[in-house]
Amino acid sequence: MTDLDDAALVAAVADDPRYQGLVARRARLGWLLSAIIFFAFVAYLLLIAFDKAALGAPIAGGVTSIGIPVGLGLILLGIGLTGLYVAHANRHHDAQMAAILEDNRRKVTGP
Amino acid sequence: MKGRLAIFIATGASLCPLPALAAALEGQAQQQPINWVAIGMFVAFVGLTLWITKVAASQTRTASDFYTAGGGISGFKNGLAMAGDYMSAASFLGISAQIFNDGYDGLIYSTGFLVGWPILLFLMAERLRNLGRFTFADVASYRFAQVPVRSFAAISTLLVVSFYLIAQMVGAGQLIKLLFGLPYAAAVCIVGALMMLYVLFGGMRATTWVQIIKAVLLLGGATFMALMVLAQFGFSPEALFARAVQVKTEAALGQGANAADAAAAGRSIMAPGNFIKDPVSAISFGLALMLGTAGLPHILMRFFTVPDAKEARKSVLWATGWIGYFYILTFIIGFGAIVMVGTQPAYLDEGELLRGGGNMAAIHLAHAIGGNAFLGFISAVAFATILAVVAGLTLSAASAVSHDVYATVIKKGAADSRDELRVSRLTTLALGALAVLLGLVFEKQNVAFMVSLAFALAASGNFPVLILSLFWSGCTSRGAALGGMIGLLTAFVLTLLSPAVWTAALGLGPAPFPYSSAAIFSVPAGFLAIWLISLFDRSPRAAVDKAGYGAQRVRAETGIGAFAASDH
C-alpha cells in the first residue's frame with residue numbers, strides 16, 4: 001500500500017461512524033480506568049497525609065494494620081484493571097477495528 | 001580459625017540456625033572474604049550475556065536492529081524485559097532497606113511505582129506503538145515541527161536518564177564493594193564497561209535478553225527469599241509482622257526509651273511514618289512516581305520493539321503483573337530483614353547501622369537465609385539487575401542523541417542508517433564514561449531517592465507533552481517544545497532547591513523549597529505551559545500542527561501506516 005492509499009484510507013476511516021463510535025467507547029474506557037486507579041492512589045496518599053493512624057490501626061486485635069491490605073490491594077487493583085482492559089480490548093476492540101479497516105480498505109482501493 | 005568456626009556453627013545450629021550464620025561472619029567486618037560462589041555466578045551471568053551480545057551483534061546491522069531489535073519481540077518477552085528494565089536495584093535494595101528501617105513506608109514507594117503502569121496502558125501504549133518507530137520523540141513530534149520538539153525530547157531524555165543512572169551506578173558500587181571487597185571506583189568502572197559492551201555491540205537485542213534473564217533470576221531469587229522468610233513463621237504474615245514489631249520495640253528499649261515509647265516505636269512500622277511528613281509532599285511524591293512511569297524514555301522505547309499495538313498491550317499486562325508481584329515480595333523481604341538481619345550483630349556496625357551501607361538489608365537477608373551460596377546468588381542477581389537497567393537507560397539516551405538529535409535535527413531525516421548507528425555507538429561510549437563519572441560523584445546518596453528525582457522530571461516534561469500531543473488537537477509545536485521545557489525546568493529547579501539536594505547533597509542549609517518532590521507544582525506547570533503557549537500560538541506552523549491532528553489520531557487509533565517489524 002502506498003502513502004497515498006494510506007492517506008485515503010485514513011480519511012475514509014475518519015468519516016466512518018463505526019470508527020468514531022469505537023474510538024469514543026475505547027477512549028471512555030481508557031479514561032475511566034485511568035481515573036479509577038489515579039483517584040484510588042490519590043485517596044491512599046491523602047489518607048497517609050491526613051490520617052496515618054487510620055492506616056496503622058490493627059485488624060481484629062492483631063498486629064497487621066489496615067494499611068497493609070490497603071497498600072497491597074492497590075497493587076492488585078492496578079494489575080486487575082490492566083487485565084480487564086487487555087481482555088476487553090482483545091475480545092471486542094481488535095475485531096471491530098479490523099472489520100472497519102477491512103471495509104474501508106476495500107472502499108478505497110476497490111474490490 | 002576454621003576449627004573455631006566449625007564449633008560455632010555446630011553449637012549454633014543445635015539451638016537455632018541464625019546465630020550460626022552470624023557467628024560465621026564475626027570478625028570480618030573490615031575486609032570481605034572472597035565469595036567464590038558469588039564470583040562464579042556473576043562470571044557465569046556475564047559470560048552468558050556476552051555470548052548473547054556476540055550473537056546479537058551479528059544481527060545488528062541497521063539502526064532499526066540497534067534501537068528496537070527489528071521490532072519483532074513478542075508481548076510476553078517484552079513484558080518480561082520491561083519488568084527487567086523497571087525492577088531496578090534501587091527498588092530491590094532501596095525499598096527493602098526502607099522497609100527494614102521504617103517498615104510500612106516502603107510500601108508507599110512500591111504502590112507509586114506500580115500505579116503508573118495501568119495509566120501507561122489505558123492512555124498511551126497502543127498509540128505509542130502505532131505512531132512511533134524508535135524513540136518516544138517520534139510520537140511526541142509526530143505532527144509537529146521536528147527540530148524544536150525533538151530537541152526538547154532529547155534534553156529531557158538525557159536529564160531523566162542521568163538521574164536514573166546515578167542511582168544505578170551508586171547501587172552497583174556499594175554492592176560490589178560489599179561483595180568482592182573491591183574499591184567503589186573499580187566497581188563502578190566494571191559496570192560501566194560491561195554495559196558499554198552490551199549496548200555497543202548488541203544494541204536492543206542484547207539489552208532485551210540481558211533484561212529478560214535478569215528479570216527471571218530476580219523474580220526467582222526474590223520468590224525464594226520471601227518463601228523462606230514466610231516459612232519461618234508458618235506462612236503467617238501476621239506472625240512475621242508481630243515478630244518485627246517486637247524486634248523494633250526491643251531495639252528502642254535497648255536505646256533507653258521507656259516502655260510506652262518503645263511500644264509506640266515498635267508499632268510504628270505498621271503505619272505510614274515520617275518518610276512523608278506533610279500532605280503536599282505526599283501527593284507530590286505520589287504524582288511523580290505514578291505519572292513519571294508513563295514518561296520514562298527507556299520504558300517508552302520498549303513499546304517499539306513489538307510488532308503491533310496488540311503486543312504492546314500484552315507487554316504492559318505482563319510487565320504490570322511481574323512488577324506488582326515483585327513489590328509484594330519486596331515487602332515480605334523487608335520485614336524478613338527486620339527480623340533476621342536487624343537482630344544479628346554480625347550484620348551491623350558499631351553504630352547499629354547496616355554493614356556495607358544502608359541499602360544492604362536484602363543482601364544480608366540472603367546470607368541469613370541461605371548462607372554464602374545464596375548471598376552469592378542474590379549478589380550476582382542484584383549486579384545483573386543493575387547491568388540490565390543501566391544498559392536500557394544508556395540505549396535510550398544513545399537513541400535520543402543519534403535518532404532525535406543527529407538524524408532528525410542535524411541531518412533533517414536524511415541520515416544514512418550506517419552513520420546513525422555509528423553516532424549511537426559513539427554516544428554509548430560517551431554515556432558510559434559519564435555514568436562512571438556520575439557514579440563516583442554521587443557515592444553517598446540514598447539510591448531510591450535519586451530514582452524519584454528522575455521520575456519527577458519524566459512526569460513534568462515527557463508526560464504532559466505526550467498526553468497533549470496525543471489527545472489535544474490544539475497543541476502546537478511551540479507549545480509542546482517550550483511548554484514541555486518549562487515543566488522540565490520547573491521540576492529540575494525545584495528539585496535542586498529541595499531538601500534532598502540543597503541541604504543533604506550540597507550542604508547549603510535549609511532548603512528554599514520545603515517539599516520532598518516537585519511534581520505537584522511541576523506537572524501542572526508543564527500542562528499549563530503547553531496549553532497557554534499553544535493557545536496563543538498564532539504562527540503559520542501552529543495552523544499546520546492543528547490541521548495534522550485528525551490524521552494523527554486515526555493513525556494512532558488504527559495503526560494505519562505503523563512501522564512494521566523489519567526483516568532484513
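This is a predicted model: local features need pLDDT of at least 70, side-chain atom pairs count only at pLDDT 80 or more; totals for chains, interfaces and linings use all residues.
Residues are numbered from 1 along each chain as its sequence is written, while chains are lettered from A and ligands numbered from 1 in the order in which they are written.

**The side of chain B that touches chain A**

- Helix α4 (residues 67-109) of chain A and helix α15 (residues 309-340) of chain B have axes that come within 10 Å and cross at roughly 165 degrees. The axes are lines fitted to C-alpha atoms over the stretch in contact, and angles run from 0 to 180 degrees between N-to-C directions.
- α4(A) and α15(B) are therefore roughly antiparallel, the word used for angles over 145 degrees.
- On the α4(A) side, the residues making this contact include L72(A), I75(A), L76(A), G78(A), I79(A) and T82(A). On the α15(B) side, they include K310(B), R313(B), K314(B), V316(B) and L317(B).
- Sorted by class, the contact of α4(A) with α15(B) has ten nonpolar, six polar and four charged residues.

**Chain B as a whole**

- Chain B has 24 helices and zero strands.
- Its radius of gyration is 24 Å, close to the 24 Å of the globule rule for 568 residues, so chain B is as compact as a globular protein of that length. The radius is taken over C-alpha atoms, and the rule is 2.2 Å times the number of residues to the power 0.38.
- The C-alpha trace of chain B spans about 80 × 55 × 40 Å along its principal axes.
- Of the 568 residues in chain B, 62% are buried. A residue is buried if 20 or more other C-beta atoms lie within 10 Å of its own, exposed if 12 or fewer, and partly exposed in between, with C-beta atoms placed from the backbone.

**Chain A as a whole**

- Chain A has four helices and zero strands.
- Its radius of gyration is 23 Å, whereas a compact globule of 111 residues would have one near 13 Å.
- Along its principal axes, the C-alpha trace of chain A spans about 75 × 25 × 20 Å.
- Buried residues make up 31% of the 111 residues in chain A.

**Two alanines with positive phi**

- Most residues other than glycine have a negative phi.
- A60(A), in the loop between α3 (52-56) and α4 of chain A, has a positive phi near 50 degrees. A60(A) counts as exposed, with 6 C-beta neighbours inside 10 Å.
- A69(B) has a positive phi of about 55 degrees and sits in the loop between α4 (63-68) and α5 (75-86) of chain B. A69(B) is buried, with 29 other C-beta atoms within 10 Å.

How values were computed:
Angles under 35 degrees count as roughly parallel, over 145 as roughly antiparallel, 65 to 115 as roughly perpendicular and the rest as oblique. Two residues are in contact if their C-beta atoms, placed from the backbone, lie within 7 Å. Ala, Val, Leu, Ile, Met, Phe, Trp, Tyr, Cys and Pro count as nonpolar, Asp, Glu, Lys and Arg as charged, and the others, Gly among them, as polar.
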